[in-house]
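Here is a short briefing on one protein model. Please look over the sequence and the coordinates before reading on.

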Amino acid sequence: MAGNVSNDLADSLLSQADSLGNIQQHAPAGDLYEQAALIYQSNRDLEGYWRTRYRQGQNLIVWGKLKEGISLLSETAKGIQPGDSIATMAWILLNWGISRVYFIQEDYENLLRVSEKTLDVFNRSGLAVFREIGYLIGSIGLTHYNSGDYERSLEYFRKDLNIQRKLQRQNLIHTAIPLHNIANVYWGLEQYDSSAYYFSRTLDIYRQIYAPGHSAIQSVYNGLGSVYWDKGDKTRSLEYFDRAAASDNKRNGSLLDAGGNQQELGKQELQDREYDKALAYFKQALASRMQEMGSDNPYTNSCYNYIGKTFALNNDNDQALQFYQKAITGLLPGFEDTSITANPISLDSMTSARFLLDAMVAKTTLLAEKYALSGVRADLDLAFKTAETTIKLIDHMRNSNLAEASKLFWVAKVMPFYEEAIHINYQLWALTNDKQYIDHAFRISEKAKAFLMLQSQKDLEAKSIAGIPDSLLEKEQQLKSEMVKYRKYIYRESLKCLKADHKRLALWQDRVFRLKSSYRQWIEQAEKRYPEYYRLKYSTAVIGIDALQKKLTDAHPGTLVLEYFMGARHLYVIGVSPDHQWIKALPIPDNLFQQFKHFRRSYSDPDFFLAQPDSSYRTFTRNGRLLYRKLLEPVLAQGVPAWEKIIIIPDGWLTYLPFELLLDSMVPATPRNYKKLPYLVKKRGISYAYSASLLFNPVERKVNPPKSRQLVGFAPAYPTAAPFDPSRQLSPLKYNDHELAAAENTYFGKIFTGAEATKEQFDRYAPYYSILHLAMHAIVNNEEPMYSKLVFAGAADSLSALYTYDLYQHKLAADLVILSACNTGLGKLQKGEGLISLARGFTYAGAGSVIMSLWPVDDYATPVIFKTFYQLLSTGARKPSALRRAKLHYLEQADPAAAHPFYWGGFAFIGDTSPIQSGPDTTDQQGKLFLLALILGLMVYSAKIFKKRSDLPE
């Protein structure tokens with residue numbers, strides 16, 4: 001067409017093309033799109049040309065011509081250089097169309113690549129948000145959801161929801177979709193109340209839009225029914241399932257929806273133990289998805305898992321195994337062996353880690369059950385091999401680019417499998433007496449301990465070795481600091497509940513969203529540019545028994561390591577000393593946890609032991625002895641029980657238990673005498689570790705502070721009426737400065753007391769000292785443990801507090817951190833990670849060891865204990881040994897009332913047990929340098945060196 005043809009004709013042709021496309025007249029619509037594009041192009045109207053190609057591509061996608069659509073959109077996008085707002089908008093829209101095709105094809109790798117690049121361009125463009133950006137963000141969220149990264153998917157769905165709310169004030173479909181997605185994420189996370197809340201909000205919107213019986217409404221009913229079933233409320237579950245069943249079940253003619261609907265109906269029948277009906281529905285779902293999605297699609301192959309589960313629940317394990325094997329071969333293109341004796345060697349080609357994990361875990365469990373019935377060794381060997389492959393898959397998921405909370409979620413989810421795998425190895429060891437199975441069980445237990453801390457340690461080690469430049473590391477630190485700052489802002493504002501400023505929250509949440517995106521880009525950049533960093537960071541290795549025994553022989557003679565794994569059926573204990581190794585499966589009596597709770601109350605609750613001294617004494621002695629007999633006596637009876645020191649790696653609620661207070665022999669109920677009780681601490685030194693891999697393969701801190709920087713301490717003053725926390729007032733501490741006086745008399749350093757003990761001083765000096773002593777109040781937040789805090793002197797706001805979150809951006813070189821504040825070793829118990837506490841935060845920050853408190857410490861007794869502790873530590877004693885002897889010295893000197901364990905037993909030692917290394921004496925060094933300077937006549941050089949050193953905190 002001629003260049004002088006009016007754009008009005010092109011506009012008319014474009015409108016006609018859209019209309020024909022809407023009534024499925026594909027060929028004539030395509031001709032009109034081409035004519036309009038040529039007119040715009042000849043008139044050099046790039047905006048019109050891009051708009052035409054975008055709409056043409058979208059229609060090709062709707063018509064099912066995905067290959068042609070993605071080709072058209074890609075070619076058009078290549079000709080655009082994002083710059084001005086029109087070009088940038090066009091480029092974003094075209095790439096959004098491309099991402100739609102990848103989403104339909106379930107090509108999640110390419111979808112993420114295109115979507116995140118497009119989102120990055122938008123974030124830097126300055127353009128106002130528009131609906132397609134919300135769709136783009138939602139598709140990224142769905143991609144993360146399908147990969148099992150629930151935390152990150154939630155982050156994107158919330159962002160999508162905020163955008164749709166901003167663009168559409170009414171509660172219509174654009175708002176309902178992210179609400180529905182959020183409901184599904186919370187269901188996956190097993191947070192059922194939150195899931196039900198978002199499903200209900202979605203339902204309110206769908207009822208405004210759709211007629212009763214519509215597939216969207218039915219899907220929400222099914223979701224609510226499943227949520228209440230999982231929650232245990234079968235009455236409400238039945239109510240919603242009945243409403244779903246009353247719908248027309250046609251699902252708007254979509255075969256994809258039909259498969260999903262049939263699968264939901266099958267799950268309902270499975271819950272009702274109607275196995276034949278469930279099987280029929282699952283087979284229908286398989287057929288529907290096979291037709292719509294094809295045989296290689298992960299959702300198609302997930303149907304085999306449900307069929308296998310149905311056979312397993314109906315006690316047909318052989319059939320169940322066959323279908324789980326079909327799922328495994330379907331989810332791993334290239335692996336085609338349908339024999340249940342076969343396991344994949346490589347996992348590189350898997351299409352869904354989530355669904356493959358379901359199949360592998362189920363196969364392992366069924367093979368173990370088969371051995372229990374048959375007693376045939378080959379069944380147990382096959383269960384062992386399948387478990388080993390499954391562990392490789394779990395390692396792959398844990399070391400993938402999942403967000404931290406998602407990794408924790410999946411670690412917690414696989415705990416029952418870890419128990420099964422340990423039990424398989426325990427049985428093989430019992431059959432063969434082959435110690436390799438103890439080693440396998442030990443490594444599995446290690447993988448279930450402090451995973452994120454170990455990964456963080458590997459990350460630090462990788463950065464120090466891989467040669468990442470300081471400028472890049474500084475950029476990372478800046479991003480992390482910014483994220484911590486805005487998370488605290490959000491947390492503080494959220495505490496205001498109904499009075500919270502939602503505009504502020506939205507802005508801060510958007511800022512965190514962008515910072516997270518930038519940080520992920522930083523990680524990807526570092527991993528791509530520095531291959532050694534990637535290799536070291538994602539190493540799945542944990543310490544084995546041979547390596548552990550060598551380390552014990554070389555540096556810890558007379559030491560026994562006891563690693564506990566708390567299962568549902570047994571408490572497994574693995575003992576490792578320089579010359580011995582063994583594994584025990586201890587029964588878990590129903591009342592064991594109750595005995596612990598009674599024991600804990602008797603030593604940590606003054607209201608109990610002061611009001612009822614005789615009763616609390618009987619409770620303490622009875623349960624202290626019972627717990628010893630059940631937790632330690634069977635273990636210490638193994639091998640040669642001559643160990644002077646025991647390092648305990650606890651699990652589950654055992655992380656709350658001070659083992660040193662257990663009683664290793666019987667005692668009479670009267671007379672009451674706490675001084676003479678046979679505490680374990682009197683015979684053996686006790687320390688703790690998060691895991692053996694963390695304790696015996698620590699990151700080298702490469703800092704040896706001089707004597708002038710051995711210790712820095714903080715003992716703030718608290719005015720009686722100062723409301724440091726909205727929910728409580730903090731009482732003055734009368735003797736906390738006495739603790740630091742004992743330290744100051746023994747070690748060189750700086751002591752901050754009263755109003756000088758501020759967080760600003762901590763931030764300035766803490767990174768440079770070997771010992772950090774914090775004698776202050778702590779406020780533990782069990783629901784949000786990252787917001788537990790140590791309260792320094794200062795204004796009555798959060799600026800005077802050191803939060804657990806803050807510690808994740810600190811870099812400490814300390815050999816020892818002493819937290820003589822209340823409950824610093826307590827927090828939220830997270831499966832696979834342990835207690836999320838302030839003490840753990842200091843370990844994350846790089847501290848070699850921590851002395852923490854397990855209950856509210858006594859203000860008077862604590863200085864007495866630490867005075868002796870510092871005296872012993874300065875003589876070269878190992879850190880836990882100095883603490884143990886200080887406790888025993890206090891006990892020997894205490895009067896009967898003050899001998900109660902509440903006063904002296906609350907401190908526990910965790911981490912590296914080696915003595916404190918004395919640094920060089922800077923006075924001698926400076927004298928030698930000064931003498932050398934005089935001899936050489938380099939006075940100017942000497943003055944520059946002195947000035948440079950004087951800039952450092954001393």
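The notes below go from the whole chain to single residues.

This is a predicted model, in which local features need pLDDT of at least 70, side-chain atom pairs count only at pLDDT 80 or more, and totals for chains, interfaces and linings use all residues. Residues are numbered from 1 along each chain as its sequence is written, and side-chain values use heavy atoms, with hydrogens and water left out. The protein has 40 helices and 16 strands. These are DSSP runs numbered from the N terminus: helices are H or I with at least four residues, strands are E with at least two.

**Burial and cores**

- Of the 954 residues, 55% count as buried. Buried means under 20% relative accessible area, exposed means over 50%, and partly exposed lies in between (1.4 Å probe, protein chains only).
- Contact means heavy atoms within 4.5 Å. Among contacts between residues at least 6 apart in sequence, 69% join residues at least 24 apart.
- The largest nonpolar core holds 237 residues. A nonpolar core is a set of buried Ala, Val, Leu, Ile, Met, Phe, Trp, Tyr and Cys residues joined through side-chain atoms within 4.5 Å.
- Helix α17 gives this core its largest share, eleven residues.
- Leu-790, Phe-842 and Phe-869 have the most contacts inside the largest core.
- Leaving aside neighbours within four places in sequence, Phe-869 is in contact with Leu-816, Ile-818, Ile-851, Lys-879, Ala-882, Leu-883 and Ala-886.
- A second, separate core has 47 residues, including Ala-90, Trp-96, Phe-130 and Phe-513.

**The α17/α20 pair**

- The axes of α17 (residues 353-374) and α20 (residues 415-432) come within 10 Å and cross at roughly 35 degrees. Axes are lines fitted to C-alpha atoms, for helices over the stretch in contact, and angles run from 0 to 180 degrees between N-to-C directions.
- The crossing is left-handed: the near helix is turned anticlockwise from the far one by less than a right angle.
- From α17, Val-361, Thr-364, Thr-365, Ala-368 and Tyr-371 meet Phe-417, Glu-420, Ile-424, Gln-427 and Leu-431 of α20.
- These contact residues divide into six nonpolar, three polar and one charged. Ala, Val, Leu, Ile, Met, Phe, Trp, Tyr, Cys and Pro count as nonpolar, Asp, Glu, Lys and Arg as charged, and the others, Gly among them, as polar.

**A three-stranded sheet**

- An open sheet has the strand order β9-β10-β11, with antiparallel pairing. Two strands pair if DSSP finds at least two bridges between them.
- β9 (777-779) and β11 (801-803) are the edge strands; each has a single partner, so one side of each lacks a neighbour in the sheet.
- The twist averages 25 degrees from one strand to the next.
- Three bridges join β10 (residues 789-791) to β11. Lys-789 has Tyr-803 as its bridge partner in β11.
- Ser-788 sits in the loop between β9 and β10. Ser-788 is buried, at 1% relative accessible area.
- Beyond its neighbours within four places in sequence, Ser-788 is in contact with Ile-779, Val-780, Asn-781, Leu-802, Tyr-803, Thr-804 and Leu-838.

**Positive phi outside glycine**

- Arg-44 has a positive phi of about 60 degrees. Arg-44 lies in the loop between α2 (26-42) and α3 (46-62), and is exposed at 75% relative accessible area.
- Arg-273 has a positive phi near 65 degrees. Its loop runs between α13 (255-271) and α14 (275-293). Arg-273 is exposed, at 65% relative accessibility.
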